[in-house]
Amino acid sequence: MIPELGHFALILALTLAIVQATVPLAGSFTGNRSWMAISRPLAYGQFTFVVIAFICLLQAFLTSDFSVAYVAENSNTLLPTVYKVSALWGAHEGSLLLWATLLGAWGAAVATFSHNLPQQVVSRVLAVMGMIGIGFLLFMLLTSNPFGRIFPAPPQGRDLNPLLQDPGLAVHPPMLYMGYVGFSVAFAFAIAALMGGKLDAAWARWSRPWTTVAWCFLTIGIALGSWWSYYELGWGGWWFWDPVENASFMPWLVGTALIHSLAVTEKRAAFKSWTVLLALFAFSLSLLGTFLVRSGVLTSVHAFATDPARGTFILAFLCVVIGGSLALYAWRAPQVSTGGGFDLLSRESFLLANNLLLTLFAALVLLGTLAPLIYEAMDWGKISVGFPWFNTMFLGLMPFLALLMGVGQLSRWKHDDTQRLTRELRIAFILSCILAVVAALPMFSDDHWYVPLGIGLAGWLVFSHLTGLRDHLKNKKGPAAWLADLRGGGRSYYAMLLAHLGVAVFIIGITMVSNFGIEEDIRMSPGATKTVAGYRFQFDGVTSTTGPNYQAQQGRVLVFRGDKQIAVLKPQKRKYVASRQVMTEAAINAGLRRDLYVSLGEAVGDHGDWAVRIYYKPYVRWIWLGGLLMALGGVLALTDRRYRTRAAGKPAKLPPALAAARS
Amino acid sequence: MKARHKRLIFVAVAVAGVGVAASLAISALRSNIAYFFTPSQVLAHEAPNQRVFRLGGLVEKGSLNRKHDGLTVTFTVTDMVKSMQVSYTGILPDLFGEGQGVVTKGRMGNDGVFYADEVLAKHDASYMPPEVASGLKTAQAKGMTKGISKMAESK
């Protein structure tokens, strides 16, 4: 009964979404205020019904109702409760429901925190979000119903994929989806602005906090995913350029370009058309990512054929969203007035250059991700693109990006002169060159020439931003003035500093771990030792143990530094009861300066020998720390006073984006 | 006029930069792609000799052998028509198993053995790499007549 209730709630949500997408929109063009006014209640209604559907499915999982096909395929009575919850979004149908729920939540948030916006804008934004809602709800109801029943109900479920039974992965998809779906708000604002033909600084200011919130979630989601694959896949990689990862990275790159471009549009009224285009692309790539990953088309074009209904729907939906929005753009964008002019040497130029680099990189990642599909469709053979290619692209573009970041943050809007910039940045440049030269010394670099490059760039980012900070504080003498600055409008400046510092930290992390990481796969007998990077690993053999829904072989590895024992690592090889699937569970001794990582391969011979992986991963945490700092920068930017007080004459409500972040 | 010139310069630089980057990227892509072949195709000399490619099929039952160093393994990959020896040093993925689909990446050795430096197995146990599935199908369709004649011979 309850699953049918959930199904019915989805249908009701779809009905409301259809009204939400049409009536307020019509009202916004005819000026019918009551038609426009229903957009908010409809958004709340749609949210309520998808939440009801969500709770119904959750209930089916918690009570292990295996008469629901989706539950039977992805859960098991032995599954710990936490993972029964996260199993909800462990596969295709449920993750679509999560998408729709989050979309409803964002819609409700827009409805709540938009009271200082013109009614016309709100109704158009919510109408566009309603249209996206229609797409997702229809897709679910027509092709991927999570509430479908099977008869007779199996006595036991097939269990959640063991890889997904992990706290990191329980929160990763919701975070990522919050980011993906959040870009729908930026998208909706852009479409609404195009409809009205009014792209101005106000539009940029409205959509900026929403975009930043979405970007923060996406950043954290990606960092979590990277961290998860590092410890859960058992071989210590933190990024594989896997299509699934690329699908989240492309919207992030374009989203990063978007938040910078929005800043220009808000402050200087320039780049309007470009900003709109980025907003359209950020969301289109989010959609493409969700679908590509979920439809399985990336593993093969033939995956489409296994479920033609899904494939056709996805293609049609993508065509409508991308084609429709681009057509609207082509029709409206030429009428957009060009904003404030700027010189070749100005902050606008640097931001534009960085924007180009980011979008170019996103385009390359897209090319690399889709190349196997293109080759297969063209009958050129079945190929895979090796991750060295992606690494080369990253290494080719990243240095320019970092160099420009250092100059851009210091340069002036509209016009700057070469002499001032060179004078200001001279010291930072010399210092980072010295740092690079020192890092190039054989005793530090070990003849990896990427080391001086990475360290030099990180140094350049830090020193140039410190120069910028000195410039910023020039007229703010004393701690009182500084505090006032931090409390007031200067907060977004410090947010930028924090996020850019995150980039420097990230660069140090990848430089160190890629050049100095040590990976050893060896055969070890009980009692044998192996020294890696000055740490002595002693293998004490393997014993059996059991978990709630698996049996495991647990190794014991003592780690010594000199004579002192610093850690006992217990890597496991698990065999899950229901799925009979084998999983490697790595054991990690984590630290800010290095991780020691041990995982079990397989038993070798009859004397208790095992193939063991021993990894030394210097500064690997800095990669995720960098991501975290970037996201924190975004959160700090949201608290900037600008978003609270600009509500022209009206009393300030809660800072919209901040409140949205809390909800 | 002057501002216009400057903007033109910016656009020209940007277009040139993007163009150069894109062409470099595409040429790099060509040298970084690895084609997929089945044992039948490799034995018919369709696969490149000097380049990295991917070889896929089923791991033949009972073919997994471990060398005495404990880390080098050899196994036979088959498309049910032809088979090939594969050698790999390292730890096999969790989902590797005899009788299951596998995709390996590496080069041909002069001894006719495929030296893999990567063995891929997907997250899902019931998953059959799509290349393997379609490779098996075509190999079987092509080899059907041969297979039948072979069966006749063995009888």
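Author: Welcome! Let's begin with a definition: the expected span of a helix is 1.5 Å times one less than its number of residues. Keep it in mind as we look at this structure, which is a predicted model.

Reader: Thanks! How many residues does helix 10 of chain A have, and what does it reach from its first C-alpha to its last?

Author: Helix 10 of chain A, residues 243-268, has 26 residues and reaches 37 Å between those two atoms, close to the 38 Å expected. As a general idea, an α-helix has 3.6 residues a turn, so residues three or four places apart point the same way. Helix 10 of chain A is also mostly covered, with 23 of its 26 residues buried. Just after this helix, A269(A) takes a positive phi of about 55°.

Reader: Now for sheets. What is the order of the four strands in the open sheet of chain A?

Author: In general, strands of a sheet pair through backbone hydrogen bonds, either parallel or antiparallel. Here the order is 2-11-10-9, and the pairing is antiparallel. Strand 2 (518-524) and strand 9 (587-589) of chain A stand at the edges with a single partner strand each, so one side of each has no neighbour in the sheet. Neighbouring strands of this sheet are turned by 20° against each other on average, direction ignored.

Reader: How many bridges pair strand 10 of chain A with strand 11 of chain A?

Author: Strand 10 (residues 594-604) and strand 11 (residues 609-618) of chain A pair over nine bridges, in the antiparallel sense. To find one of them, look at A603(A), whose bridge partner in strand 11 of chain A is W610(A).

Reader: Let's move to chain B. What pattern does chain B follow along the sequence?

Author: Chain B reads α-β-α-β-β-β-β-β-β-α, which comes to three helices and seven strands. Buried residues make up 32% of the 155 residues in chain B.

Reader: Which way does strand 7 of chain B run against strand 5 of chain B, parallel or antiparallel?

Author: Strand 5 (residues 83-89) and strand 7 (residues 114-120) of chain B run parallel and are joined by three bridges. Y88(B) stands opposite A116(B) in strand 7 of chain B. Strand 6 (residues 101-108) of chain B, in contrast, pairs with strand 7 of chain B in the antiparallel sense over six bridges. There, V103(B) stands opposite L120(B).

Reader: How many residues lie between strand 6 of chain B and strand 7 of chain B in their hairpin?

Author: Five residues lie between them, and G112(B) in the turn has a positive phi of about 80°. While you look along these strands, remember a general idea: in a regular strand the side chains alternate between the two faces of the sheet.

Reader: Finally, how many residues does the contact take from chain B and from chain A?

Author: The contact takes 30 residues from chain B and 39 residues from chain A. On the chain B side, helix 1 (2-32), strand 1 (33-37) and helix 3 (130-154) each supply at least two residues. Helix 1 of chain B gives the most, with eleven residues. The chain B side divides into 18 nonpolar, five polar and seven charged residues.

Reader: Which strands of the two chains pair with each other?

Author: Strand 1 (residues 383-385) of chain A and strand 1 of chain B pair in the antiparallel sense over three bridges.

Conventions
Residues numbered from 1 in each chain as written. Chains lettered and ligands numbered in written order. Predicted model: local features only at pLDDT ≥ 70, side-chain atom pairs only at ≥ 80, totals over all residues. Contact = placed C-beta atoms within 7 Å. Nonpolar A, V, L, I, M, F, W, Y, C, P; charged D, E, K, R; others polar. Pairing = 2+ DSSP bridges. Buried ≥ 20, exposed ≤ 12 C-beta atoms within 10 Å, placed from the backbone. Axes fitted to C-alpha atoms, helices over the stretch in contact; angles between N-to-C directions.
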